Amino acid sequence: MRSPPYVPASARAVLLLCVLLVVTACASARGRGDALQRVQYAYSAAIRWGDFEGAWNMVEAEYREKHPMTEVQLERYKQIQVSHYRDLSAQAGEDTAVREIDIGVINRHTMAERSLRYQEAWRYDADSRAWVLTSGLPDFWRGE
């Protein structure tokens with residue numbers, strides 16, 4: 001029977017370090033995925049319950065600066081009720097994610113309901129260690 005080949009201690013240390021780095025990277029990616037699911041759930045709950053100001057706070061700061069929300073726009077959001085919010089598809093990478101959403105909207109004044117599709121775009125912000133929405137709030141009045 002042959003003895004196993006000799007492996008220097010420095011090579012074993014490098015191998016151990018590589019394994020630890022891979023395990024850490026996998027845990028970090030999983031943690032980001034969990035964080036993405038949590039923030040998407042909170043965002044969809046805010047939209048479903050009509051908390052558009054809360055949902056607006058999850059939008060990327062740069063987007064909010066370029067497209068400030070006016071009082072008139074906030075008042076328009078009070079004129080609708082979201083009847084359903086369904087995920088149609090989702091794609092997630094390490095730092096970006098996209099979800100296709102079907103949203104049911106009821107006009108509170110006419111009680112007319114309609115559905116629209118909306119695409120959410122998310123980005124992981126390494127500085128704040130949080131996922132932010134880069135696509136803004138849904139435009140419920142598109143085409144009207």
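The largest nonpolar core in this predicted model has 26 residues, and those with the most contacts inside it are Tyr43, Ile47, Phe52, Ile103, Trp122, Leu137 and Phe140. At least two residues of this core come from each of helix 1 (9–48), helix 2 (52–56), strand 1 (80–92), strand 2 (96–107), strand 3 (113–125) and strand 4 (130–133), and helix 1 gives the most, with five residues.

**The chain as a whole**

- Of the 144 residues in the protein, 31% are buried.
- When contacts between residues at least 6 apart in sequence are considered, 50% of them join residues at least 24 apart.

- Tyr43, one of the core residues with the most contacts inside the core, touches Ala55, Met58, Tyr85, Tyr118, Glu120, Trp122, Leu133, Gly136, Leu137 and Pro138, when residues up to four places away in sequence are not counted.
- Among these partners of Tyr43 are Trp122 and Leu137, which are themselves listed among the residues with the most contacts inside the core.
- Gln40 lies in helix 1, and it counts as buried because its relative accessibility is 8%, which is under the 20% that sets the limit for buried residues.
- Leaving aside neighbours within four places in sequence, Gln40 is in contact with Arg99, Glu120 and Trp122, and two of these residues, Glu120 and Trp122, are also touched by Tyr43.

**How the strands pair**

- Strand 1 and strand 2 pair in the antiparallel sense over 11 bridges, and a hairpin joins the two through three residues.
- Within the pairing of these strands, Ser89 stands opposite Glu100 in strand 2.
- Strand 2 and strand 3 also run antiparallel and are joined by 11 bridges, with Val105 having Arg114 in strand 3 as its bridge partner.
- Strand 3 and strand 4 run antiparallel as well, and four bridges join them; here the bridge partner of Tyr124 is Trp131 in strand 4.
- In a regular strand the side chains alternate between the two faces of the sheet.

**Two turns with a positive phi**

- Most residues other than glycine have a negative phi, and the two residues described next depart from that pattern.
- The hairpin formed by strand 2 and strand 3 has five residues between the strands, and Met111, which lies in this loop, has a positive phi of about 60° although it is not a glycine.
- Met111 counts as exposed because its relative accessibility is 60%, which is over the 50% that an exposed residue must exceed.
- The hairpin formed by strand 3 and strand 4 has four residues between the strands, and Arg129, which lies in this loop, has a phi near 55°, a positive value in a residue other than glycine.

- Val132 lies in strand 4, and it counts as buried because its relative accessibility is 14%, which is under the limit of 20%.
- Val132 touches Met58, Glu60, Ala121, Trp122 and Arg123, not counting residues up to four places away in sequence.
- The C-alpha atoms of Val132 and Ala61 are separated by 8.5 Å, although the two residues are 71 residues apart along the chain.

**The largest pocket**

- Rolling a probe the size of a water molecule over the atoms shows where empty space is left.
- The largest pocket has a volume of about 250 Å³, and of the 14 residues that line this pocket, the closest to its centre are Met69, Gln73, Tyr77, Leu137 and Pro138.
- Two of these lining residues, Leu137 and Pro138, are also among the residues that Tyr43 touches.
- Helix 4 (residues 71–77) gives the most to the lining of the largest pocket, with three residues.
- By class, the lining of the largest pocket is made up of eight nonpolar, four polar and two charged residues.

Notes. Residues are numbered from 1 along each chain as its sequence is written. This is a predicted model: local features need pLDDT of at least 70, side-chain atom pairs count only at pLDDT 80 or more; totals for chains, interfaces and linings use all residues. Side-chain values use heavy atoms; hydrogens and water are left out. A nonpolar core is a set of buried Ala, Val, Leu, Ile, Met, Phe, Trp, Tyr and Cys residues joined through side-chain atoms within 4.5 Å. Buried means under 20% relative accessible area, exposed over 50%, partly exposed in between (1.4 Å probe, protein chains only). Contact means heavy atoms within 4.5 Å. Two strands pair if DSSP finds at least two bridges between them. On a 1 Å grid over the protein atoms alone, a cavity is a set of points where a 1.4 Å probe fits but cannot get out, and a pocket is an open set with protein on both sides within 12 Å along at least five of seven lines; lining residues have an atom within 4 Å of a point. Grid points are joined across faces, edges and corners, and a volume is the space filled by probe spheres set on the points. Ala, Val, Leu, Ile, Met, Phe, Trp, Tyr, Cys and Pro count as nonpolar, Asp, Glu, Lys and Arg as charged, and the others, Gly among them, as polar.
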